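These notes are for a colleague opening this structure for the first time. They go through it point by point, and each point can be checked against the view below.

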Amino acid sequence: SGSSDPYCVVKVDHEVVARTATVWRSLNPFWGEEFTLRLPRGFHQLSIYVMDEDTIGQDDVIGKVTLSRQRIAAQPRGIDCWLSLVPVDPDAEVQGEIQLELRVSEQGPARVLRCHLIAARDLAPRDPSGTSDPFARVSCCGHTQETAVIKKTRFPRWDEVLEFKLAEGKLGNGVLRVEVWDWDIVGKNDFLGQVEVPLDAPGLTEGWFQLLPFPSSAEQLGGQLGSLRVTVRLLEDRILPQHHYQPLIQLLAEPLRCPGQPQASTALAVLEEVTSGDSRQDVATKLVKVFLAEGLAVPFLDYVISRELARTTDPNTLFRSNSLASKSVEQFMKAVGLPYLHEVLKPVVNRIFEEKKYVELDPCRMELSRGRRISFKGSLSEAQVRESSLELLQGYLGDTVDAIVGSVDKCPLLMRVAFKQLRERVEERFPSPQHEEVRYFAISGFLFLRFFAPAVLTPKLFGLREQHAEPRTGRTLLLLAK
């Protein structure tokens, strides 16, 4: 059909840890999915494979991007860029580690490098049985030696020592290369990975080394398979027992428990001032979680909202910026109101996905041939398509608004208390009759623009659906959200 059904698989050191939904019939998919992965400290790389889902047979691999741990850690603010997809050769995919112990010893006038090959683990399976027959080939100073073959295992243990005489003088730029291969009785041996260790490494070198592929020209083909936009950030936190954080929590909660003190001198006020736009989302999320656990979520929202109102002179700009107050209310609604959101929106969203009706109001985007799917009398005119689309949209919108308006008793009590407090604060700040509607706009700006509308636009990201919408359904959701 000239398109694909792409999805992504995320691997950490060749172990699958996450999968996105499939975007149907698209060469320019948008996923917008975010995963928080708790990784072992010693992980080596993160790989993202872009796949094409097939109803019959195996899914096709389109390409992949790989980020080493060093590259991710070198960007404290995170990586946010387009990366070219590179081809994936199943036979060239290596994994696993090898355990080595290297020591240089003096034997009379000569020096000898002793390479102790102890074991390997988690090697790639290369045989139909799901195992391999691994052996190691070690090269140094122009000489090559091999270990014995260990049959039918991905976790071989050789425990062999190979010795190499070193040339006189400095070791310089010499390298010890260890290659691991799968022995085959017929045909060529299969490559399982390699390690290169500089000979000028001081003293004893011992430990587990990650097996790497042969350097290839695959990177030069980047861009021919497309590109993937990713945002990756590595955080390394040392988490202490809970009681260590109580003094900080008490300091942050002080203006909420004792509201009489000047706001500008509180820890929360200082935190708000020093929080940059990049980190405001993270700070808001963590503060909402802390104060929900402390039973102070509503006083916290009241505090940041009051500070935001004090800075606002034009009611038309109220809560339009991504301030700490706006982000905190947004995260509060997601934390408290997600089950409520599902109960209200799921019936209408499911109906739109199941009906798959063609809806379009923009004459420039209208495909009149689609009218045959609406009527068996042939193609419809532009006016007829618009009239049919408007009728469908009004039906969906009416059901959505009725569900929201009729859900007052289902709305979580904390959300209702928080919005009642918000309305009272707005009335105090803008008491004049000409600003009477501002108290409602302030609430609808959060409840509709930051809660219901985004969930209608991208149901997958709010857990309303397991898959992203196909293009036609996605267009209907976009028009309905607008």
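1. Two residues are taken to be in contact when heavy atoms lie within 4.5 Å. On that basis, helix 4 contributes Arg280, Gln281, Val283, Ala284, Thr285, Leu287, Val288 and Leu292 to its contact with helix 6, where they meet Leu324, Lys327, Ser328, Gln331, Phe332, Ala335 and Val336. By class, this contact of helix 4 with helix 6 holds 9 nonpolar, 4 polar and 2 charged residues. The model is a predicted one, and every remark here should be read with that in mind.

2. Two packed helices are described by the angle between their axes and the distance between the axes. Helix 4 covers residues 280–293 and helix 6 covers residues 324–355; they pack at an angle of about 55 degrees, and their axes are 8 Å apart. Helix 4 is therefore oblique to helix 6. The crossing of helix 4 and helix 6 is right-handed.

3. What is the angle between helix 8 and helix 9? Helix 8 (residues 413–429) and helix 9 (residues 438–457) pack at about 140 degrees, with 8 Å between their axes. Helix 8 is thus oblique to helix 9; the cut-off matters here, because only angles over 145 count as roughly antiparallel. The crossing of helix 8 and helix 9 is right-handed.

4. On the helix 8 side, that contact is made by Met415, Phe419, Leu422, Arg423, Val426 and Glu427, and on the helix 9 side by Val438, Arg439, Ala442, Ile443, Phe446, Leu447 and Phe451. Sorted by class, the contact of helix 8 with helix 9 has 10 nonpolar residues, no polar ones and 3 charged ones.

5. A further pair is helix 7 (residues 382–405) with helix 10 (residues 471–481), whose axes come within 10 Å and cross at roughly 60 degrees. This makes helix 7 oblique to helix 10. The crossing of helix 7 and helix 10 is right-handed. From helix 7, Leu393, Tyr396, Leu397 and Thr400 meet Thr476, Leu479 and Leu480 of helix 10. The residues of this contact divide into 5 nonpolar and 2 polar, with no charged residue.

6. Turning to the strands: strands of a sheet pair through backbone hydrogen bonds, either parallel or antiparallel.

7. Valine 12 has glutamate 15, in strand 2, as its bridge partner.

8. Another open sheet has 4 strands in the order 9-8-11-12, and its pairing is antiparallel. Strand 9 (143–146) and strand 12 (190–198) are the edge strands, each pairing on one side only. From one strand to the next, the twist averages 20 degrees.

9. Which residue of strand 9 is the bridge partner of serine 139? The partner is threonine 144. Strand 8 (residues 134–140) and strand 9 pair in the antiparallel sense over 4 bridges.

10. Two loop residues deserve a look at the backbone. Most residues other than glycine have a negative phi. Arginine 25 has a positive phi, near 50 degrees, and is not a glycine; arginine 25 is found in the loop between strand 2 (15–19) and strand 3 (45–52). Aspartate 122 also has a positive phi, of about 55 degrees, although it is not a glycine. The loop that holds aspartate 122 is the one between strand 7 (110–121) and strand 8.

11. As for the record, an unreviewed UniProt entry lists residues 1–83 and 94–212 for "domain: C2". Over residues 1–83, the chain is 6% helix and 41% strand. The end C-alpha atoms of residues 1–83 are 26 Å apart.

Technical notes. Residues numbered from 1 in each chain as written. Predicted model: local features only at pLDDT ≥ 70, side-chain atom pairs only at ≥ 80, totals over all residues. Heavy atoms only, no water. Axes fitted to C-alpha atoms, helices over the stretch in contact; angles between N-to-C directions. Parallel < 35°, antiparallel > 145°, perpendicular 65-115°, else oblique. Left-handed = near helix turned anticlockwise from the far one by under 90°. Nonpolar A, V, L, I, M, F, W, Y, C, P; charged D, E, K, R; others polar. Pairing = 2+ DSSP bridges. UniProt positions renumbered as here; feature names shortened; annotations may be inferred.
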